[in-house]
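Visitor: Hello! Could you walk me through this model, one topic at a time?
Guide: Gladly. Here it is.

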Amino acid sequence: MSEPKAEDFSQLREHLRANDIQAFRSEFLDLHIYDQGQFYLKLEEDERQLLYAYLSPKEMADMFDVLEEEQEDVEGLLKEMKPSYVAEMLAEMYTDNAVDTLKQLDRQDVAKYLSIMSKESAAEIKNLLHYEDETAGAIMTTEYVAIESQQTVGSAMRLLKEEASKAETIYYVFVKDVNDFLVGVISLRDLIVNDDDTLISDIMNERVISVKVGDDQQDVARTMRDYDFLAIPVTDYDGRLLGIVTVDDIIDVMDEEATSDYSGLAGVDVDEVTENPFKAAAKRLPWLITLLFLGMSTATLIGRYEELVSEASILAVFISLITGTAGNAGTQSLAVAVRRLAVQDDERGFMSLIIGEVLTGLITGFVTGVTIFLIVGIWKQNFMLGFVIGMAMLCAITVANLAGSLIPMVMDKLGFDPAVASGPFITTLSDLTSVLIYFNIASLFMSYFIGS
């Protein structure tokens, strides 16, 4: 289905404003749910009020299941609706999506909506609300089909037909025993091709890959990626089946984690694109102020070598070249290190990885150093100056490469998010170390630069 054109939405808007309910519902409900959501988000508040009157809470729930909006937007949209309408809509949504929505609201609103819902719907949502964020429990859904191992295929198919409309996926049917322990899995295909009187225990796959309710969402995503699953069961720590995580939730996790990592590497919240300048500035300033003080230490360090620079002014020409190149090398190393940690590449030991990064730094530093040695030597007709610049480049790149790899690894060992070892931080740290290296090497060959 192609993306709706602006005039399609324009026609819908006309039906909405003309109170032509039948024409509006016919065209609107014919759209893909994603396109329904895009149309909804383009409306003004008075137009959305008409929409609430035209659509049932169930129809709104289908649309809200796919909406991915900022906290303030979701909260504002829900406040436009009557509380009873919101409560019924949330009850009709898939439980995991309803929980994600409620987690963006304050506690008073959450309590208000839960108190209006039916006890059964409220209980399902409450069961998921207490799980810690970014765990399997927080992203799992309880809308799934589970059968017992002693059922026949015929009875399982009847149950499947009854429950299919409420389940997020029916391609995998998980099998449990009478005590709710996960004991197997069976595909929809196996149910279809086997005779009705066949026992589930005779055809189910007992080698079930599952995750624990407290597992980190990144670990869940890796497992589903490695095994190419569309869904994976979630159990408690005793093995009782609690829910499932579906592939659409994992896509959201991957997007969230990628955004988080990129925000850390850039030292800024990349989701701030819709915010006003004052809020965006407020989020960026802490990083910038912190980096400002680190930058001041670099400036102070350069000041300590003021006498050296005054005697050999040519050294000042190459400061930004060395610091910039070292910073770039450190950022490259940081990106690789964060990616390695993200995919849990633990095949090599810690010391082996460090040695590898040192060798990488030495190789890249050597090639870069030789290149700048030749350029400076020919340009300034002073190969000793070229040697100093090249040697400083070699050492600065090696140190920056090691720092860019070592810092996120250490942070990960300490239990912190390695992505917060951001690019700007590594770059500023590289400036400090490369200046120190540069001037110390230059001071050893001071006599060759007097009068340069």
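Guide: One definition before we start: two strands pair if DSSP finds at least two bridges between them. Please also keep in mind that this is a predicted model.

Visitor: Which residue stands opposite V173 in β3?
Guide: Strands β2 (residues 172-176) and β3 (residues 182-187) are joined by five bridges and run antiparallel. Within this pairing, V173 in β2 has a residue of β3 across from it, and that residue is I186.

Visitor: Which residue in the hairpin of β2 and β3 takes a positive phi?
Guide: The hairpin has five residues between its strands. The phi in question is near 70°, and the residue that takes it is D180.

Visitor: What is the strand order of the open sheet of three strands?
Guide: β4 (residues 211-212) and β5 (residues 231-235) run parallel, joined by two bridges; V211, for instance, has V234 as its bridge partner in β5. The sheet as a whole has mixed pairing. Its edge strands are β4 and β6 (241-246), each pairing on one side only, and the order is β4-β5-β6.

Visitor: Why is the pair of Y172 and F229 edge-to-face?
Guide: The structure holds 16 aromatic pairs. In this one the ring centres of Y172 and F229 lie 6.2 Å apart, and planes over 60 degrees apart count as edge-to-face. The planes here stand at 80°, so the pair is edge-to-face.

Visitor: How many residues apart are Y172 and F229?
Guide: Y172 sits in strand β2, while F229 is in the loop between α15 (217-227) and β5. The pair links distant parts of the chain, and the separation is 57 residues.

Visitor: Which helix gives the largest share of the lining of the second largest pocket?
Guide: This pocket holds about 1,000 Å³ of space and is lined by 35 residues, with M93, Y94, E143, K166 and A167 nearest its centre. Domain 1 (10-129) and domain 2 (144-249) each give at least three residues to the lining. Several helices supply at least two residues each, including α7 (83-92), α10 (119-129) and α12 (153-163). The largest share, six residues, comes from α10.

Visitor: How many charged residues are in that pocket's lining?
Guide: By class, the lining of the second largest pocket has 17 nonpolar and seven polar residues. The charged residues number eleven.

Terms used: Residues numbered from 1 in each chain as written. Predicted model: local features only at pLDDT ≥ 70, side-chain atom pairs only at ≥ 80, totals over all residues. Heavy atoms only, no water. 1 Å grid on protein atoms, 1.4 Å probe; cavity = no way out; pocket = protein on both sides within 12 Å on 5 of 7 lines; lining within 4 Å. Points joined across faces, edges and corners; volume = space filled by probe spheres on them. Helix = DSSP H or I, 4+ residues; strand = E, 2+ residues; numbered from the N terminus. Nonpolar A, V, L, I, M, F, W, Y, C, P; charged D, E, K, R; others polar. Domains from an automatic or database assignment. pLDDT = per-residue confidence, 0-100. Phe/Tyr/Trp six-rings, centres within 6.5 Å; stacked < 30°, edge-to-face > 60°.
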